[in-house]
Amino acid sequence: MIDLKSPAELSAMRRACRVAALALLEVARAVRPGVETRALDRIAEDRIRELGGVPSFLGYRGFPASLCVSVNDEVVHGIPGRRRLREGEIVSLDLGAVIEGFHGDIATTVPVGTVTEELRRLLRVAEGALEQGIRAARPGARLGDVGAAIQRHAERHGYSVVRDFAGHGVGRRLHEEPQVPNFGRPGSGVVLRPGMTLAIEPMVNAGTHEVTVDPDGWTVRTRDHKPSAHFEHTVAVTESGADVLTRLPEDASV
Ligand code: MG
């Protein structure tokens, strides 16, 4: 069952998404060589709570932090800790916030200091894949159109999309129906309708699409240890197209 949100529910989601986006912006700004990943988690949790939210991820199925921090070949769900970020790495930052019973979910991948042009290209293409997916999330389109748009963009640039993890519906629960795969066949899957709220989150790998899960039970990484980038927005399907609830105005400050 896909839960369609009322205008009032969408307003609450918009508030949750804004808190998540503001918190993520502050975390991203704190990324620099030498910073411990657990310091980023602290910023995420503090900022979400200061803005009146509760971290969505903390305790979710036992996840021990408010922020997922996934470095280089780590794809998603990395656990923050004592690891220090180093110049030239890329780091995926993923968090969620709950406000008034609704979740907002957002992720970005950023460079640590100066990175190679090869890595900058991976980030650009992965972010572009997200934008293509968002553009495809129009009312009357199908879920397969979203996945196909993401996959086409990534593969056209020589990259692959992760198959084992997907985007998802989001709302009263962090993960709701439907699953939103990052690959697909145009014209397949459920029809998108106004009121649907989706977390669209391409995970784009430089090499193989295959991933493994670390013994910690959480950290997903590429099987070939090539780098991976991850970008996510929470969007609402509206009569006029996708409304990106986690998009901040250009002049947003924290
Ligand atoms: Mg998500």
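Modeller: Accessible areas here come from the Shrake-Rupley method with a 1.4 Å probe, and for residues only the protein chains shown count as cover. This is a predicted model: local features need pLDDT of at least 70, side-chain atom pairs count only at pLDDT 80 or more, and totals for chains, interfaces and linings use all residues. Residues are numbered from 1 along each chain as its sequence is written, and side-chain values use heavy atoms, without hydrogens and water.

Biologist: What share of the accessible surface of the protein chain belongs to carbon and sulfur atoms?

Modeller: Take the accessible surface of the protein chain, about 11,000 Å². The part on carbon and sulfur atoms is 48%.

Biologist: What percentage of the 254 residues count as buried?

Modeller: Buried means under 20% relative accessible area, exposed over 50%, partly exposed in between (1.4 Å probe, protein chains only). By that cut-off, the buried share of the protein chain is 54%.

Biologist: Which residue's side chain makes a polar contact with the side chain of His-233?

Modeller: Leave aside neighbours within four places in sequence; His-233 then has contacts (heavy atoms within 4.5 Å) that include Asp-105, Leu-130, Ala-199 and Val-244. A polar contact is an N or O pair within 3.5 Å; within protein, one must be able to donate a hydrogen and the other to accept it, and residues adjacent in sequence count only if both atoms are side-chain atoms. At 2.7 Å, the side-chain partner of His-233 is Thr-246.
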